[in-house]
Amino acid sequence: DCFTSPMVELVASTTPCRAVGGDLFDYVEHEDGALAFTVADVAGKGTSAALLTAVVQGLLAGESDGKDTPEQVCSRLNRALCRRAVASRYVTLFYGELGSDRTLTYCNAGHNAPFLVTAGDLVRLETGGTPVGLFDFGQYETGRVEVSAGDLLVIFSDGLTEAVNAAGDEFGDERLADVLTSVRGQSAAGALSAVVKAVTEFAGAEPARDDMTIMVLRFN
């Protein structure tokens, strides 16, 4: 899936490890040109996880046109899921908004910390709170970071870093960081292809144990 605007190039892919998956990604452009985007991972696999994924996607769609901060979006989603009490399932998610002023605001609700690949650094985006659906009164924070032209934001589910090879070794954050260092300044599509190629070659014939979702944004 891909989206381009004067402000950003976005590409994303998801690979379920079963016929139906528990990962999701979504994005929507607001009337003022801001872009809201999310990657989420529902605990568990199979049909029950896929059903909750559909619920989460519907709830997020209802938030997409609002003016709330990322922490408010995650708080409301948390309350909605806690009320449903879906078989003790919870969801990790990263919800971000890119404003027309090039400020990236985000809330990381228990998700793998994405990498922001700048001209000279790799920054992890960790501000947020607990996974949604776990605690009725979970507290969330909004993180803020200024992005520059050419920066890459790489958001992923744990199916990427926990992919294993025949020896039982995990792909891990360090291997991912090495790949991202090598694609600094490239297009979003090029970075996504490099990550997928690296993890596929690493895993070899070893079957996937979890869904794998990757979203890459390149700021123009």
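Reply: Leu 152 stands opposite Arg 218 in β12. This is a predicted model, in which local features need pLDDT of at least 70, side-chain atom pairs count only at pLDDT 80 or more, and totals for chains, interfaces and linings use all residues. Residues are numbered from 1 along each chain as its sequence is written, and side-chain values use heavy atoms, with hydrogens and water left out.

Me: How many bridges join β11 to β12?

Reply: Five bridges join β11 (residues 152–156) to β12 (residues 212–219), and the two strands run antiparallel. Helices (H or I, at least four residues) and strands (E, at least two) are DSSP runs, numbered from the N terminus. Two strands pair if DSSP finds at least two bridges between them.

Me: In what order do the six strands form the open sheet?

Reply: The order is β1-β2-β12-β11-β7-β8, with antiparallel pairing. At the edges are β1 (2–4) and β8 (122–124), each of which pairs on one side only. On average, neighbouring strands of this sheet are turned by 15° against each other, direction ignored.

Me: Which strands does α4 touch?

Reply: Helix α4 (residues 172–182) packs on the sheet and touches β7 (115–117), β8 and β11, its direction making about 20° with that of β7. Contact means heavy atoms within 4.5 Å. Axes are lines fitted to C-alpha atoms, for helices over the stretch in contact, and angles run from 0 to 180 degrees between N-to-C directions.

Me: And where does α5 lie?

Reply: Helix α5 (residues 188–203) lies across β2 (8–15), β11 and β12, running at about 150° to β12.

Me: Which residues of α4 are buried, then?

Reply: They are Gly 172, Leu 176, Ala 177, Val 179 and Leu 180. Buried means under 20% relative accessible area, exposed over 50%, and partly exposed in between (1.4 Å probe, protein chains only). Their cover includes β7, β8, β11, α3 (158–161) and α5.

Me: Turning to Ile 214, is it buried or exposed?

Reply: Ile 214, in strand β12, counts as buried because its relative accessibility is 1%. Among the residues that Ile 214 touches, not counting those up to four places away in sequence, are Val 11, Val 154, Leu 160 and Leu 192.

Me: New topic: where is Phe 135 found?

Reply: Phe 135 is in the loop between β9 (128–129) and β10 (143–146). Phe 135 counts as partly exposed because its relative accessibility is 48%.
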